[in-house]
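Thanks for asking me to look this over. Here are my notes, point by point, with the conventions given where they come up.

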Amino acid sequence: MIYLSAEKLSKNFPEQPLFSDLTFGIYKGEKIGLIANNGSGKSSLIRILAGFDEPDAGKIHLTEGIALGILEQEPEFAEGSSVRQVIEQAHHEIRHLIAEYHSLLSEHDSSAFGTQRLADLSAQMEVKMPDYDRDLKSFLTQFQITDLDQPASSLSGGQRKRVALAMTLSVKPDLIILDEPTNHLDIEMIEWLENYLASASVTLLMVTHDRYFLDKICNQILELHNGKLYKHQGNYAFFLEKKAEREMVFDREIEKTKSMLKQELEWMRRTPQARTTKAKSRIDAFYGLEEKANSRTVNPNLSLSIKMNRVGGKILELKNISKGFDGRTLLKNFTYTFKNGDRVGIVGPNGSGKTTLLNLIVGNLPSDAGQINRGETMVFGHYTQSGIELNDEDRIIDFIKNIAEFITLSNGVKLSASQFLQHFMFAPEMQYKPIAKLSGGERRRLHLMTVLIRNPNFLILDEPTNDLDLLTLNKLEEFLEAFSGCLVLVSHDRYFMDKLVDHLFIFEEGGTIKDFNGTYTEYRLQKLEESNESDYLTTTVKKSEKPSNKERNEIRKLERDIEDLEVRKKNVEINLSKSEITLDQIQTWSEEIGKLVTEIDTKTSRWMELVEMS
């Protein structure tokens, strides 16, 4: 059953074309991850599907009777409202039904009208919200939202996201659109949400940069790339494999087209203005070849490279550090001596004191007790969760020039402020725009620039992955892997943590900080073994019964079919690599490869579904 369909959606801005003619459907049971780089139109597409914005062209159709739930990236609550009022205002239709139902019950109206109205209300409530209040209370308790009378404005980013999540999940929608659901949540809450969504019988479309989250939950990936939409069966890991295959085939086609274009260009130069129909046809074909040869898009690339200041013998010593606020102890007698090359991840629930420790290290906060000794050669680079103060009217280039006119890279090359901005994917034409024009991810990238521009040898990153797309994340990971100074990292992105740190500071109750030697996954596995919980990295598969003989036969047939299709695809790729082929042959074989890839994906998805039962 189709829940939502989109037909020929287009959205473009005068200075930035986004996408055109997108047609797709979301079907019952699909759990889809939407992958795209910042600036590709991903946010616009989500807002259109959620009904917040209108497309320039095209239609959205939500099947009648389907309940849609939406979690925005940054939930906004009415000014001056308490949490309780926010909740009551959010689902006023449901509240109205409940209130009218209870009002009729209290009136004991036994007339035909009253009896019929009560029956109608009961039926509507059963469909819309069978256990709304109970479920809402359960989710709020799970998300540690207990004071419903506190002002909504006093909530932290993580608390706002949890309130919004509770309201979205408690209505039990058929289709949920989630925009960066893991932002501002601590790791334990992310793991709970991950397990809930993976096992829930709900249809999802979500945008997230959390690769473990995508990999565990999604059974399909939609990729928005250069204004086109590509659909991949399987999880995130399977998508990466198929994307690499698609790009390899496309690159081969382009190289072959360029070779043919060179031959046709020589003919065009030798040939006077064509008069025959045949010659005109060849000229038209030449221009078609030229367009295809130039169709490869050069994507902007993030290049992170800095000259690191020399590290002396003494780095940083924390001796019996204690810190608390309002009678609550966050750090108690913490002692640690940093060594050159230390790569530390900090883990703990929201509000446990992680950011406080970072501020103590860089000197933004005084400790209540203990001593902090910083080496004279230490240059701290502190990337804060809250970001930096930006004047929206300033131009991007002027903002960077106020920090430094020239920047020295690790290879000794000096770059101007404009050249350094290009390293961070700010094209020259973009540099003279006001900061107000930047997206959330672009502001984060600019913040990262201000940290690295000072050539730090001790990097402190507090939730650096929020609002970054996967391209920027991968490049940041590459840079940090090669960074030879000290790294202290707070992040809810488990993949990011696993890749970059080799031991952890674990914040526990009462201000105690435990030093764990290992990655986050190793710590989590140890913790789960101690509590006899099941492996959180293993997707729960309900196995009600073993596959039948018919299904086992289908598995064997699918394996043979997939093998045959792969052979056919390889043969077509060999044909495409030959030097003497025509433009028509290129077109025909390219289309055949596309069909073969689609058929392989479909059969592989079915094969994976059957194998999970075995």
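Contact in these notes means heavy atoms within 4.5 Å. This is a predicted model, in which local features need pLDDT of at least 70, side-chain atom pairs count only at pLDDT 80 or more, and totals for chains, interfaces and linings use all residues. Residues are numbered from 1 along each chain as its sequence is written, and side-chain values use heavy atoms, with hydrogens and water left out.

1. Let me start with Ala 36, in the loop between β3 (31-35) and α1. Helices (H or I, at least four residues) and strands (E, at least two) are DSSP runs, numbered from the N terminus. Setting aside neighbours within four places in sequence, Ala 36 touches Lys 42, Leu 224 and Asp 469. Is Ala 36 buried or exposed? Ala 36 is buried, as its relative accessible area is 8%; buried means under 20% relative accessible area, exposed over 50%, and partly exposed in between, using a 1.4 Å probe and protein chains only. The C-alpha atoms of Ala 36 and Leu 222 are separated by 8.6 Å, although the two residues lie 186 residues apart along the chain.

2. Next comes a sheet. Strands β2-β1-β4, in that order, form an open sheet of 3 strands with antiparallel pairing; two strands pair if DSSP finds at least two bridges between them. β2 (16-27) and β4 (57-62) each have a single partner strand and stand at the edges, so one side of each has no neighbour in the sheet. On average, and ignoring direction, neighbouring strands here are turned by 15 degrees against each other. Between β1 (residues 2-13) and β2 there are 8 bridges, in the antiparallel sense; Asn 12 has Pro 17 of β2 as its bridge partner.

3. Helix α1 (residues 42-50) lies across β1, β2 and β4, and runs at about 135 degrees to β1. Axes are lines fitted to C-alpha atoms, for helices over the stretch in contact, and angles run from 0 to 180 degrees between N-to-C directions.

4. β10 (residues 316-325) pairs with β13 over 5 bridges, and the partner of Leu 316 in β13 is Arg 374.

5. Strand β5 (residues 68-71) is joined to β6 (residues 175-179) by 4 bridges, and Gly 69 is partnered with Ile 176 of β6. Gly 69 and Leu 71 make up the covered face of β5, while Leu 68 and Ile 70 make up the uncovered one.

6. Finally, the helix pair. α6 (residues 157-170) and α7 (residues 187-199) pack at about 15 degrees, with axes 13 Å apart. They are therefore roughly parallel to each other; that label covers angles under 35 degrees, with over 145 roughly antiparallel, 65 to 115 roughly perpendicular and the rest oblique. Arg 162, Leu 165 and Leu 169 of α6 meet Met 189, Leu 193, Tyr 196 and Leu 197 of α7.
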